[in-house]
Amino acid sequence: MEKKKTILVTGGSGYIGSHTIIELFTNGFDVVSIDNQSNSSLDAYKHVERISGKKVDHYSVDLCDIDATRKIFEKYSFGGIIHFAAYKAVGESVENPLKYYHNNISSLVTILSLSKEFSVSNLIFSSSCSVYGNVTTLPVDENTALPKAESPYAFTKQIGEVMLDDFCKINSDFNAIALRYFNPVGAHESGLNGESPINKPNNLVPIITGTAIGKIPQLTIHGGDYPTRDGTCVRDYIHVSDIADAHVLAMKFLIEKRNTQNYDVFNLGTGKGISVLEAISAFEKVSGQKLNYKIGPKRPGDVIAVYSDSKKAETLLGWKCKHDIESMMRTSWLWEQNMKGK
Ligand code: UD1
């Protein structure tokens, strides 16, 4: 039993990683985190500690360095791994594809190799709805055939899933789940943990709140003439704490051996498509503030519209989204205000 209790979280000081550690602690797991701090600060561990009252055992190591990572595996007996660590900026991946192929693929090779070497049998992998590309039938479910990826970032997620499938085929005692996140946003309900990338934010919600607080002069909407109800792209925004919950449920599902196949994929979305303009107006409603924005050119690699059918996660994992778009915007705004001047 003891063996099953320590979970390795890679990318644990990142946005989704740190929220998931809070949920793992709440559910009685011990956690070890590995993060190379390429896009997150050690402060995230302090936020986790403040919320959960528990210290995170953490290492600043690059997963592309298998020897350095092996030293950590030698010290612990992991009951499972949640692998978040990856680069995630769609636009940057179009400009610098090798950076994405190198980091996102090599780190997964390290994790799978060491899982085998150290007999760790449960893995949850961060995949993304970007694997679906420009889908024509919405909402999208897990049976949808995957088209050619729209960006190198998305392709690294498709490759990662194939790697897991191949690895599971030849290792019948190894179990893996890929969770395809739609658009994670929001912050911990306490306002004490949220998204705080070191690099310039690329994602919509930190740019909305950053504009509202005055860190960013103006938000540019990437394209206003898409074939959608108001001309802006449609996404399925989902609260980060709902995503974190799903990871704990998926890990328990594997640890308790409730899975009938050793590799599976699950969508994680609310099922509601929201346009960029609708997201902005939800923010304006909860903050009582008008946002300074303009419509600009399209962003390379963007898909037009995507939202999820998440029935599979609801049925098999017992997962349910608790937060709506206003709760996502309210907590993001609370977090942005709490960070002011820090
Ligand atoms: C993409 C992936 C998602 C992944 C995320 C990681 C798709 C469909 N989704 O999200 O799975 O988790 O990358 O970063 O590929 N926008 C603006 N102005 C801005 C910023 C964004 O208009 O300044 C728009 C974008 O054009 C898009 C929406 O807001 O329509 C959301 O963008 P973003 O938050 O960057 O996420 P995705 O690119 O959708």
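In this predicted model, Asn183 reaches the ligand through its side chain: a polar atom there sits 2.9 Å from one of the ligand's oxygen atoms. At Lys88, a backbone N or O atom is found 2.7 Å from an oxygen atom of the ligand, and at Leu204 a polar backbone atom is 2.8 Å from a ligand oxygen. How much of the ligand ends up buried by the protein? Taken alone, the ligand exposes 740 Å², and the protein buries 94% of that area.

Seven strands, 7 in the order S3-S2-S1-S4-S5-S6-S11, line up as an open sheet with parallel pairing. Which strands sit at the edges? Those are S3 (57–59) and S11 (263–268), and each of them pairs on one side only.

Strand S1 (residues 6–10) and strand S4 (residues 80–83) run parallel and are joined by 4 bridges. Within this pairing, Val9 has Ile82 of S4 standing opposite. Helix H5, made of residues 97–117, packs on the sheet and touches S1, S4 and S5 (122–128). The direction of H5 makes about 175° with that of S4. Another helix, H6 (residues 152–170), lies across S5, S6 (175–181) and S11. Helix H6 runs at about 155° to S5.

Finally, a few spots in the loops have backbone geometry worth a look. Where does the chain contain a cis peptide bond? One is found going from Leu138 to Pro139, with omega near -5°. Pro139 belongs to the loop that links S5 and H6. Positive phi values turn up as well. For Ser119, a residue other than glycine, phi is positive, near 50°, and this serine lies in the loop between H5 and S5. Lys257, also not a glycine, has a positive phi near 55°. The loop that holds Lys257 runs between helix H8 (240–255) and S11.

Methods: Residues numbered from 1 in each chain as written. Predicted model: local features only at pLDDT ≥ 70, side-chain atom pairs only at ≥ 80, totals over all residues. Heavy atoms only, no water. Polar contact = N/O pair within 3.5 Å; in protein donor to acceptor, adjacent residues only side chain to side chain. Areas by Shrake-Rupley, 256 points an atom, 1.4 Å probe, with all protein chains shown as cover. Pairing = 2+ DSSP bridges. Helix = DSSP H or I, 4+ residues; strand = E, 2+ residues; numbered from the N terminus. Contact = heavy atoms within 4.5 Å. Axes fitted to C-alpha atoms, helices over the stretch in contact; angles between N-to-C directions.
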